[in-house]
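Subject: The structure you asked about

Hi,

Here is the structure I promised to pass on. Have a look at it first, then read on for my notes.

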Amino acid sequence: MRRALFLLLFAALAACSKPSPPQGRWEGGYSANGTIVAARVQIGADGLVKVSAPDVTNLQNAKPERLRQQREALAADLASGWDGVAPRMFEFDGTTFRKPGGIAPQMVWDKDTNQMTLQLYIGSNPALPVPLRPVDGFHDNPWAAG
C-alpha cells in the first residue's frame, strides 16, 4: 500500500514539474519586406539561453547588391559579437519561451522537428517569426544550408 501511494505521489509530482528546455544550437535568418535578420540561439544544460538577432530595417527599395552587403554585415556582426552575449533565463512551458513573468512569446520550439522560431519584436510592430534550424555548430553565414 505504501509503495503504491509513493508511486502515485511520485507520478503526480513528475506531471507537475516544469519541462526542461531543449539543449542545443539553432541559427537562421529572415529577409523580406525590407527587413533582414541574422539569428543564433544556444541553450545550455543549465537551461540558460544565449540569443542574438541583429537586424536591419527599411531596405524596401534597396538594390540586390546592397541587400547582399547587409546580409554579410549582419552575419559578421552576429559571429563577432557572439562571445559577448550573456546567457539568461526564460520560462519554458514545453513549447514556448517567455521572459520571466512575461506574456509575449520570445521563442517557440517544435519538438517533432527540433525547429526553433524566434519571435522578434522590432519597434511597435507585431512579432516577426524568424525560423531557425538546429545545428551542431554555428556557421559564418546563418543563412547557409545546415
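Predicted model: local features only at pLDDT ≥ 70, side-chain atom pairs only at ≥ 80, totals over all residues.

The protein chain has 2 helices and 9 strands. If you walk along from the N terminus, the order is α-β-β-β-β-α-β-β-β-β-β. Of its 146 residues, 33% count as buried. The chain exposes about 9,200 Å², and carbon and sulfur atoms supply 55% of that area. Looking at contacts with a separation of 6 or more, 48% are between residues 24 or more positions apart.

Now for the inside. The largest nonpolar core has 21 residues, and the ones touching the most other members are Phe97 and Val130. Several strands each put in at least two residues, among them β1 (24-32), β7 (105-110) and β9 (128-135). The top contributor is β2, which gives 4 residues.

On to the charged side chains. The count comes to 4 salt bridges, and I'll take you through some of them.

Arg133 pairs with Glu27, with the closest N and O atoms 3.3 Å apart. Are the two partners buried or exposed? Glu27 is buried, at 0% relative accessible area, while Arg133 counts as partly exposed at 21%. Buried means under 20%, so Arg133, at 21%, counts as partly exposed.

Helix α2 (residues 64-81) shows another arrangement. Which residues does Arg68 meet there in salt bridges? One is Glu65, at 2.3 Å from N to O, and another is Glu72, at 2.4 Å. Glu65 is 3 residues from Arg68, about one helical turn; Glu72 is 4 residues from Arg68, again about one helical turn. Together, Glu65, Arg68 and Glu72 are linked in a network of salt bridges. Each member is partly exposed: Arg68 has a relative accessible area of 37%, Glu65 has 41% and Glu72 has 46%.

Happy browsing!

Methods. Residues numbered from 1 in each chain as written. Heavy atoms only, no water. Buried < 20%, exposed > 50% of the residue type's maximum accessible area, 1.4 Å probe, protein only. Contact = heavy atoms within 4.5 Å. Areas by Shrake-Rupley, 256 points an atom, 1.4 Å probe, with all protein chains shown as cover. Core = buried A, V, L, I, M, F, W, Y, C linked by side-chain atoms within 4.5 Å.
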